[in-house]
Amino acid sequence: TRTLGEERIAVPDAFFKVVLCLEGTTKAIGFLYKNDPSSQSIKDHVCSVDNVEELAGFDFFYYMEDEIENTIESKSELKKL
């Protein structure tokens, strides 16, 4: 982790976003971004929610039925959203 300024404010090396869509067929997708300047497409940051959970140490959709949770968290297809 990097720090900024005299107060040495911690700046994370990366950040994530997880999106859940409940309209129609339930879907989810994850994104991982390095905290660096980039002109890469959003497609270059797509990953599964399972991948984000593993790196971040969270279980985002624990309240869902396991069959649905396991199915949606394993996919990483941007075009399907």
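The model is a predicted one. The protein has two helices and five strands, and along the sequence they come in the pattern β-β-β-β-β-α-α. The radius of gyration is 15 Å, well over the 12 Å that the globule rule gives for 81 residues, so the protein is more spread out than a compact globule.

**Overall shape and surface**

- Taken along the principal axes, the C-alpha atoms fill a box of roughly 50 × 30 × 20 Å.
- Of the 81 residues, 20% count as buried.
- The protein exposes about 6200 Å², and carbon and sulfur atoms supply 51% of that area.
- Among contacts with a separation of 6 or more, 36% join residues 24 or more positions apart.

**The three-stranded sheet**

- Three strands form an open sheet in the order E3-E4-E5, with antiparallel pairing.
- Strands E3 (14-21) and E5 (46-47) stand at the edges with a single partner strand each, so one side of each has no neighbour in the sheet.
- Strand E4 (residues 27-34) pairs with E3 in the antiparallel sense over eight bridges.
- To find your way along this pairing, look for Phe16, whose bridge partner in E4 is Leu32.
- Helix H1 (residues 49-56) lies across E3, E4 and E5, and runs at about 50° to E4.

**The nonpolar core**

- The largest nonpolar core has five residues in all: Ala28, Val49, Phe61, Met64 and Ile72.

**Phe15, a residue of strand E3**

- Phe15 is found in strand E3.
- Beyond its neighbours within four places in sequence, Phe15 is in contact with Phe31, Leu32, Tyr33, Lys34 and Asn35.
- Phe15 and Thr71 are 56 residues apart along the chain, and their C-alpha atoms are separated by 24 Å.

**Arg8, a residue in a loop**

- Arg8 sits in the loop between strand E1 (2-4) and strand E2 (9-11).
- The phi angle of Arg8 is near 55°, a positive value in a residue other than glycine.
- Arg8 counts as exposed because its relative accessibility, 59%, is over 50%.

Note on methods:
Residues are numbered from 1 along each chain as its sequence is written. This is a predicted model: local features need pLDDT of at least 70, side-chain atom pairs count only at pLDDT 80 or more; totals for chains, interfaces and linings use all residues. Side-chain values use heavy atoms; hydrogens and water are left out. A nonpolar core is a set of buried Ala, Val, Leu, Ile, Met, Phe, Trp, Tyr and Cys residues joined through side-chain atoms within 4.5 Å. Buried means under 20% relative accessible area, exposed over 50%, partly exposed in between (1.4 Å probe, protein chains only). Two strands pair if DSSP finds at least two bridges between them. Helices (H or I, at least four residues) and strands (E, at least two) are DSSP runs, numbered from the N terminus. Contact means heavy atoms within 4.5 Å. Axes are lines fitted to C-alpha atoms, for helices over the stretch in contact, and angles run from 0 to 180 degrees between N-to-C directions. The radius of gyration is taken over C-alpha atoms; the globule rule is 2.2 Å times the number of residues to the power 0.38. Accessible areas come from the Shrake-Rupley method with a 1.4 Å probe; for residues, only the protein chains shown count as cover.
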